[in-house]
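I am opening a notebook on a structure I have not looked at before. The entries below record what I looked up.

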Amino acid sequence: PFGLGRPAAADSFPSRTITVVVPFAAGGPTDTVTRLVAESMGRDLGQTVVVENAGGAGGTIGAQRVAQAKPDGYTLLLHHIGMATTPTLYRRLAYDPVGGFETIGLVTEVPMTLIAKKDFPATTLAEAVKVIRRDQEKLNYANAGIGAASHLCGLLLMKAVDAPMTTVPFRGTGPAMQEVLAGRIDLMCDQTTNTTEQINSGAVKVFTVTTPERLPALPNVPTSTEAGLPEFQVGIWHGLYAPKGTPAEVTARLSQALQVALRDPKLIARFAELGTTPVAQEMATPAAHRKFWLADIAKWKPIIQAAGQYAD
Ligand code: MLT
């Protein structure tokens, strides 16, 4: 019975509560996606899946926590496109940003929106660009640190309009949104999962969505191509990870639960209200996720290098 056959741990997985680390603050877009997925996965796994927020440093604090956790499937990471930009953006990290993880599956595709405080003196993207160029030294742009989706989007925006703005980092765009609502932050580029409801209630201004097509959840918001800034395009994706060395049987079981969660009608309906969509079932597997992730690292590397923005 000792050391023969499949390890008992994999056979009985999961036998207790699973923790999914969100590397950003509570109440933000990654948190929103994770809570919906965790609840639904927990039903399929027959165990509670709790969400723990470990925000800061553009998602690298939470990622490090998971890279250094026991590889037993009980500590997972739900992270976004930052997993593809961080390896280039950071010269030094206390963990291996690629080799430190096993992939479980891709989760969502999320569009970005460029929003502003309610009394920002522009209504269209063209007007906003004029204000950004004119007042660049006075304007505050919020992001969730280097490696955040809001950071990447800001990088692309500033490049497209050729005007650097003062960036103010937060532990996540959940808290940053509070500052936009309070009028203390001028602009932010953020995922629709965090902005759709604020846009539709008129609490913030919106200038564009960064996708090729308009979104059903935001039908009146022009695409960046329609608004005259076609190079301003970025789509955010999320994936689920485990620490390197997590047994393949365990990641396979988690992938299976993820696939079930992504077909949950309640989750799909809520995602749609927030302008986001679950990935196709075949993308929610360890192999498809890894392939996509590595390709995205290669895609963003030259863009980040050309922008010359690094963190130490
Ligand atoms: C968050 O959950 O706060 C975000 O995904 C922040 C970001 O990456 O912009």
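The entries go from the whole chain to single residues.

**Entry 1: ground rules.** I am working with a predicted model, in which local features need pLDDT of at least 70 and side-chain atom pairs count only at pLDDT 80 or more, while totals for chains, interfaces and linings use all residues. I number residues from 1 along each chain as its sequence is written, and side-chain values use heavy atoms, with hydrogens and water left out.

**Entry 2: the whole protein.** I looked up the secondary structure and found 11 helices and 10 strands. Helices (H or I, at least four residues) and strands (E, at least two) are DSSP runs, numbered from the N terminus. The radius of gyration is 19 Å, close to the 20 Å from the globule rule for 312 residues, so the protein is as compact as a globular protein of that length. That radius is taken over C-alpha atoms, and the rule is 2.2 Å times the number of residues to the power 0.38. Along its principal axes, the C-alpha trace spans about 75 × 40 × 30 Å.

I then looked up burial: 55% of the 312 residues count as buried. Buried means under 20% relative accessible area, exposed means over 50%, and partly exposed is in between (1.4 Å probe, protein chains only). For contacts, meaning heavy atoms within 4.5 Å, I took pairs at least 6 apart in sequence; 79% of these join residues at least 24 apart.

**Entry 3: helix H8.** Which residues of helix H8 are buried? In H8, residues 192-200, I list Thr-192, Thr-193, Asn-194, Thr-195, Thr-196 and Ile-199. These buried residues pack against several elements, including helix H2 (29-45), strand E4 (101-117) and helix H10 (265-273). Strands E7 (187-191) and E8 (204-209) are also among their partners. Just after H8, I noted that Gly-202 takes a positive phi of about 80 degrees.

**Entry 4: Glu-273.** I found Glu-273 in helix H10. Glu-273 is partly exposed, with a relative accessible area of 48%. Leaving aside neighbours within four places in sequence, Glu-273 is in contact with Thr-196 and Ala-217; Thr-196 is one of the buried residues of H8. The side chain of Glu-273 also makes a polar contact with the side chain of Arg-270 at 2.5 Å. A polar contact is a pair of N or O atoms within 3.5 Å; within protein, one must be able to donate a hydrogen and the other to accept it, and residues adjacent in sequence count only if both atoms are side-chain atoms.

**Entry 5: Thr-86.** Is Thr-86 buried or exposed? Thr-86 has 4% relative accessibility, so I count this residue as buried. I placed Thr-86 in helix H4, residues 82-89. A polar atom of the Thr-86 side chain lies 2.7 Å from the backbone oxygen of Gly-82. Not counting residues up to four places away in sequence, Thr-86 touches Thr-60, Leu-93, Tyr-95 and Gly-147.

**Entry 6: backbone in the loops.** The peptide bond from Phe-13 to Pro-14 is cis, with omega near -5 degrees. Pro-14 is in the loop between helix H1 (8-11) and strand E1 (18-22).

Ala-57 is not a glycine, yet its phi is positive, near 50 degrees. I found Ala-57 between strand E2 (49-53) and helix H3 (60-67), partly exposed at 40% relative accessibility.

Asp-162, also not a glycine, has a positive phi of about 55 degrees. I found Asp-162 in the loop between helix H6 (149-161) and strand E6 (166-169), exposed with a relative accessible area of 66%.
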